[in-house]
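Hi there,

Here is the structure I promised to pass along. Please have a look at it first, and then read on for my notes.

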Amino acid sequence: MVWFRIGSSVAKLAIRRTLSQSRCGSYATRTRVLPCQTRCFHSTILKSKAESAAPVPRPVPLSKLTDSFLDGTSSVYLEELQRAWEADPNSVDESWDNFFRNFVGQASTSPGISGQTIQESMRLLLLVRAYQVNGHMKAKLDPLGLEKREIPEDLTPGLYGFTEADLDREFFLGVWRMSGFLSENRPVQTLRSILSRLEQAYCGTIGYEYMHIADRDKCNWLRDKIETPTPRQYNSERRMVIYDRLTWSTQFENFLATKWTTAKRFGLEGAESLIPGMKEMFDRSADLGVENIVIGMPHRGRLNVLGNVVRKPLRQIFSEFSGGTRPVDEVGLYTGTGDVKYHLGTSYDRPTRGGKHLHLSLVANPSHLEAVDPVVIGKTRAKQYYTKDENRTKNMGILIHGDGSFAGQGVVYETLHLSALPNYCTGGTVHIVVNNQVAFTTDPREGRSSQYCTDVAKALSAPIFHVNADDIEAVVHACELAAEWRQTFHSDVVVDLVCYRRFGHNEIDEPSFTQPKMYKVIRSHPSSLQIYQEKLLQSGQVTQEDIDKIQKKVSSILNEEYEASKDYIPQKRDWLASHWTGFKSPEQISRIRNTGVKPEILKNVGKAISTFPENFKPHRGVKRVRVYEQRAQMIESGEGIDWGLGEALAFATLVVEGNHVRLSGQDVERGTFSHRHSVLHDQETGEEYCPLDHLIKNQDPEMFTVSNSSLSEFGVLGFELGYSMENPNSLVIWEAQFGDFANGAQVMFDQFISSGEAKWLRQTGLVVLLPHGYDGQGPEHSSGRLERFLQMSDDNPYVIPEMDPTLRKQIQECNWQVVNVTTPANYFHVLRRQIHRDFRKPLIVMAPKNLLRHKQCVSNLSEFDDVKGHPGFDKQGTRFKRLIKDQSGHSDLEEGIRRLVLCSGKVYYELDEERKKSETKDVAICRVEQLCPFPYDLIQRELKRYPNAEIVWCQEEPMNMGGYQYIALRLCTAMKALQRGNFNDIKYVGRLPSAATATGFYQLHVKEQTDLVKKALQPDPITPVIP
Ligand SMILES: Cc1ncc(C[n+]2csc(CCOP(=O)(O)OP(=O)(O)O)c2C)c(N)n1
Ligand SMILES: [Mg+2]
């Protein structure tokens, strides 16, 4: 494995470019003091006598020259190269060697070229190259004209020794293995025409950044599009469509502004061309085969996109503006808490200009900027899986960003970095940055260190098209080009829509407090619509009448929709996605199903997952000790099934039942703790084998997916969340390396997973595995922060809900489930339960570490099956056990038990061991496997079983962490209902409150752990928490 991803040339190129490019401040770039002074055109700084006397080159085909030949943009560099070559031809790259051999010292054979020096020819090429690399620095991108950019000196012909006298001289440019005008077979051109072509291609209202892309074909493809002899031209019909779309965008905002003068809507004024740009991009994408587009976007312009692009009925948008209506009373229609209008998601079918249909989904998002990015990408990938879109050309993700957030939020980078990973790639995301040159009140110069707000995308070799948003046709062109790029190269592309924000951050904000100069200019700046209107009228292609007609039409439809909004009643379809038809809302009872599996299926899949091809040679340790021989033996004997096998059986049984299973996270293939080994590596060939891919005949290799991820929590968890939301018939799991690291994705937990259903009525059955447990690994490797997940649970601690199995909706009504499971069989069932129910609910699992190989932490195969009389089979059948009662064979009434210790997780095994060691017989230990929602029925069953017992909650976490605070309130409610005491009757055994999750001193850890385990079993009563 090499240390770099693509090729060392990329790194070299990047370094060289950093050294050679002097950066200048700009409109949308950070203002910088330039070390360079803009050079005048007449400068002759590099032209020496010796050079002017140099021999004239002959036009030799340079077919052997590679792109790398043109990497440098510095003439000094070129001269140095030549000197080096003269001293030793082997000291330079082969392409340069060819070049110098072909040119230097040869007399001209071309009659059209006179007085041209080899140096001039090379310098001219460097000038061309400079335009390709840095032309965007001179492009007219700022609609407000406030740019203070200094033109980089490498765009001044004087730098290369050219003077005005050279303008009408003809120069040799050669026929290159390069697309664009250099390849047009016009080797001889005047300097004037070369310059005007370069200016037209690179310095108009679109600034292209693409020369950071190492791939020659991609660069050529773009050059071909950029360096066209005739600039883009739209016919009058097309122009009217663009005009119509711009009118809709503009009038929509105006209409909202007049009807709801003080409402916050985060209008698009100043960036209205986003809407026609998006529509044209979508049309082009549809022409190129795209059928589904998943959109993620922030607040700015969202309503406009919803109304004009996604085509959410305007009447509905207006109705929501007038206060928002909860949907009509309909049986089982859950409305949740709702969210403000500019966060809601939706999906609609949209006809395209080319006569196709596009399905558009706008993903609901929180205020947290950019947090939706990975969710959109995950959802897109899931759509690709379910539609068998192997080329990834039918389903596309598009993300709209703000300039401040694109540059500032780390999740942007985390998302971009998923783009080329085998199990996360979506064939390219199109990014549009609504670059209004301000973030709330912050100027770019204070908001980012990079030149452009889009620079982050260069790390991923995405082309970036900066476009002046006032030139609507340029916007349309850039958007179409982006769609074409995506469909051709299946990789990310960025459109940087350089615009402005006509009003404040929102409509009731005063922008002149902080940007007085900018807003002075904005006040007298015409809208894009006015500018375009003027242009069309001047062209003579359009009459004032045509324009009036469109204006009138749009205005009357807006008014009609407004009238209709007054009686608008939301429909159920607004809330539900198609794959989810039949799934129950939190208000509809869903039957509890068993999760046991037929013994023969268990045996069969068990064999399949412990077998590998005969000639495959896995590591000896994996083969013998961990996976194959031991697992095969466990299946054979039906005993001693460990965690890894329990999990694999859950995956395998779900897959054979037709479900898609996807597990992702850092190092999940092997498993951080080396317990999973789901992918084997042949020790000789390096080949990989995943047994779970071979459960059924011709199994789709993606049906079971296990994938190591990039080292990201926020991005990858978000991706998996998006993936899980697409189709309910999939078990999607994200595993943290250690639970401690999951808070890097805290936004995902807070804004999406815990509250997404309540806010946006979107269910997910996502499973999150958080390795958790106190085993002396210090404060960063002990805690998955169980307390946070419990604290965010929305079950009322003082109310016992309906617990009758036939009427129970406890889980459905709760925002998520939090478990800390202690047996492989119970883990198997809790995973299967995620799928075997008619609703979906996130599942947070405090996953074990040392239980993975704990001798006692094993199950028998009979606990996995559905056979009556087997250990897992109770009154209802075989199911996940929300609580595991004491294993001492107690009867329904045990009056002699003096203490009932309730606990959760691996501390159980330590308590049990101590109980055995101390031969304590009068203490019962129950495991609360499902902490949330709280298993009131089972807890009360145990309270009744031990009527005289002192009630103890034992945990290994500090008192301000772990389950204590959540459990104590609910346990108290359960006890009160049985008249078994109150809060002070709940005894606490665990660590004292602490700032750090755990001690870093191993010896101290051991002492603390031993003390708490001993205390839980001590003969004397335990002192109450409240003295
Ligand atoms: C993660 C996050 N931090 C802070 C905010 C508060 N906030 C809302 S809008 C905004 C400015 C965003 O600027 P930009 O990305 O340029 O978008 P614009 O509003 O200019 O369209 C900020 C800081 C937020 N919504 N999300
Ligand atoms: Mg902004």
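Below is what I found, going from the whole chain to the ligand and then to single residues.

Please keep in mind that this is a predicted model.

**The chain as a whole**

The chain holds 33 helices and 26 strands. Of its 1027 residues, 60% are buried. If you take the contacts with a separation of 6 or more, 81% of them are between residues 24 or more positions apart. The chain has an accessible surface of about 40,700 Å², and carbon and sulfur atoms account for 51% of that.

**Around ligand 1**

Which residues come nearest to ligand 1? They are R300, S367, D403, G404 and S405, out of 15 residues around the ligand. Helix α13, residues 403-408, supplies the largest share of this shell, with three residues.

A few distances to oxygen atoms of ligand 1 may be handy for you:

- H299 places a polar side-chain atom 3.2 Å from an oxygen atom of the ligand.
- G404 has a backbone N or O atom at 2.8 Å from a ligand oxygen.
- V438 also uses a backbone N or O atom, which lies 2.9 Å from an oxygen atom of ligand 1.

As for cover, ligand 1 taken alone exposes 580 Å², and the protein buries 75% of that area.

**Aromatic rings**

The count of aromatic pairs comes to 30. One of them joins Y424 and F719: the ring centres are 5.0 Å apart and the planes meet at 65 degrees, so this pair is edge-to-face. Y424 belongs to the loop between α14 (410-416) and β8 (429-435), while F719 sits in helix α24 (residues 714-726), so the pair ties together parts that are 295 residues apart in sequence. Both partners are on the inside by the numbers: Y424 is buried at a relative accessible area of 1%, and F719 is buried at 0%.

Another pair is F616 with Y689. Why does this pair count as tilted? The centres of the rings of F616 and Y689 are 5.8 Å apart and their planes are at 50 degrees, so the pair is tilted. F616 comes from the loop between α20 (599-608) and α21 (620-626), and Y689 from strand β13 (residues 688-689), so the pair ties together parts 73 residues apart in sequence. F616 and Y689 are both buried.

There is also a cluster to look at: ring pairs link F252, F255, W260, F318, F321 and Y562.

**Charges over rings**

Y424 turns up again here, as the charged end of R662 sits over its ring, 5.0 Å from the centre. In a second case, R970 lies over the face of Y966, at 3.6 Å from the ring centre.

T426 is placed in the loop between α14 and β8. Is T426 buried or exposed? With a relative accessibility of 2%, and buried meaning under 20%, T426 counts as buried. Leaving out residues up to four places away in sequence, T426 touches I377, T380, R381, Q384, R392, N395, S419 and R486. The C-alpha atom of T426 is separated by 7.6 Å from that of G397, which is 29 residues away along the chain.

I547 is part of helix α19, residues 544-565. Its relative accessibility is 1%, so I547 counts as buried. Not counting residues up to four places away in sequence, I547 touches Y243, Q533, L537 and V542. I547 and T247 are 300 residues apart in sequence, yet their C-alpha atoms are 9.5 Å apart in space.

H1005 has its place in helix α33, residues 1002-1017. At 7% relative accessibility, H1005 is counted as buried. Which residues does H1005 touch, not counting those up to four places away in sequence? The list is Y774, D775, G776, R991 and T999.

That is what I have for now, and it is all yours. Happy browsing!

Best wishes

Conventions. Residues are numbered from 1 along each chain as its sequence is written. Chains are lettered from A and ligands numbered from 1 in the order in which they are written. This is a predicted model: local features need pLDDT of at least 70, side-chain atom pairs count only at pLDDT 80 or more; totals for chains, interfaces and linings use all residues. Side-chain values use heavy atoms; hydrogens and water are left out. Helices (H or I, at least four residues) and strands (E, at least two) are DSSP runs, numbered from the N terminus. Buried means under 20% relative accessible area, exposed over 50%, partly exposed in between (1.4 Å probe, protein chains only). Contact means heavy atoms within 4.5 Å. Rings of Phe, Tyr and Trp (its six-membered ring) pair if their centres lie within 6.5 Å; planes under 30 degrees apart count as stacked, over 60 as edge-to-face and the rest as tilted. A charge sits over a ring if NZ of Lys or CZ of Arg is within 6 Å of the ring centre and within 35 degrees of the ring normal. A residue is near a molecule or strand if one of its heavy atoms lies within 4 Å of it. A polar contact is a pair of N or O atoms within 3.5 Å; within protein, one must be able to donate a hydrogen and the other to accept it, and residues adjacent in sequence count only if both atoms are side-chain atoms. Accessible areas come from the Shrake-Rupley method with a 1.4 Å probe; for residues, only the protein chains shown count as cover.
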